[in-house]
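Subject: Structure handover

Hi,

Here is the structure for you to look over. My notes follow below it.

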Amino acid sequence: MNYYTTAETPLGNLAIVEEEGRITRLFLSKEDLIEWKESVEGAEQFETAFLAEAKKQLHEYFAGERRTFSLPLSQKGTPFQQKVWEALAMIPYGESRSYADIAVAVGSPKAVRAVGQANKRNDLPIFVPCHRVIGKNSTLTGYAGSKTDIKAYLLSIEQISYKEK
């Protein structure tokens with residue numbers, strides 16, 4: 001069974017999904033939540049203890065009181081994507097890395113574009129901080145497809161500087 005709840009944030013209402021005791025998705029838009037609900041069987045809006053904790057930690061992050069998340073997270077992906085997401089989770093609060101840095105960190109220095117695609121497939125933005133990955137020359141690049149305004153906001157919370165593209 002998939003359960004979800006919504007959290008009111010400075011970015012609007014975000015939706016958090018739990019499946020089998022693990023946080024599996026964070027939706028940045030209502031449209032993404034609706035599309036997901038239409039594609040899965042048994043999605044129910046119900047705030048479990050895990051979802052309540054995820055919501056609490058998300059609010060603490062936006063209030064500047066939390067720098068790391070301690071949640072049971074799980075997302076499906078290829079072995080390469082999993083390695084990229086693990087590398088993203090290691091980027092400290094308030095720091096950024098380039099796509100090339102992540103490619104080197106996962107042992108595939110020439111796979112910069114593949115790192116970008118793995119970032120795009122990250123179902124747990126904010127919790128797995130893909131927003132901390134910026135262009136090689138500190139340029140602001142895409143986020144969750146094309147939501148660079150959200151990325152800019154998250155970088156500003158953490159006081160990470162970047163250049164407009």
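A salt bridge here is a side-chain nitrogen of Lys or Arg within 4 Å of a carboxyl oxygen of Asp or Glu. E95 and R97 meet that definition, with N to O at 3.1 Å. E95 is partly exposed, at 35% relative accessible area. R97 is partly exposed too, at 28%. Please keep in mind that this is a predicted model.

Salt bridges

The structure holds 7 salt bridges. Another one joins the side chains of D123 and R25, at 3.4 Å from N to O. That pair links distant parts of the chain: D123 sits in the loop between α5 and β6, R25 in strand β3, and 98 residues separate them. D123 counts as buried because its relative accessible area is 19%, and the cut-off for buried is under 20%. R25 is partly exposed, at 27%.

E158 also forms a salt bridge, with R132, and the closest N and O atoms are 2.7 Å apart. Here too distant parts of the chain are linked: E158 lies in the segment after α6 and R132 in the loop between α5 and β6, 26 residues apart. Both E158 and R132 are buried. Finally, E53, K56, E60 and R66 form one network, joined by salt bridges that share partners.

Around L26

Is L26 buried or exposed? L26 is buried, because its relative accessibility is 4%. L26 belongs to strand β3, residues 22–27. Leaving out residues up to four places away in sequence, L26 touches L14, A15, I16, L58, D123, L124, P125, I126 and F127. One of these contacts, D123, is the salt-bridge partner of R25.

Backbone angles

Most residues other than glycine have a negative phi. I126 has a positive phi of about 75° and is not a glycine. I126 is in the loop between α5 (112–120) and β6 (133–134). I126 is buried, with a relative accessible area of 1%. Q159, also not a glycine, has a positive phi near 55°. Q159 is in the segment after α6 (148–157). Q159 is exposed, at 73% relative accessible area.

Annotation

The unreviewed UniProt entry places the feature "domain: Methylguanine DNA methyltransferase ribonuclease-like" at residues 3–74. Over residues 3–74 the chain is 33% helix and 33% strand. The end C-alpha atoms of that stretch are 14 Å apart.

Best wishes

Note on methods:
Residues are numbered from 1 along each chain as its sequence is written. This is a predicted model: local features need pLDDT of at least 70, side-chain atom pairs count only at pLDDT 80 or more; totals for chains, interfaces and linings use all residues. Side-chain values use heavy atoms; hydrogens and water are left out. UniProt positions are given in the numbering used here, feature names are shortened, and annotations may be inferred rather than shown by experiment. Helices (H or I, at least four residues) and strands (E, at least two) are DSSP runs, numbered from the N terminus. Buried means under 20% relative accessible area, exposed over 50%, partly exposed in between (1.4 Å probe, protein chains only). Contact means heavy atoms within 4.5 Å.
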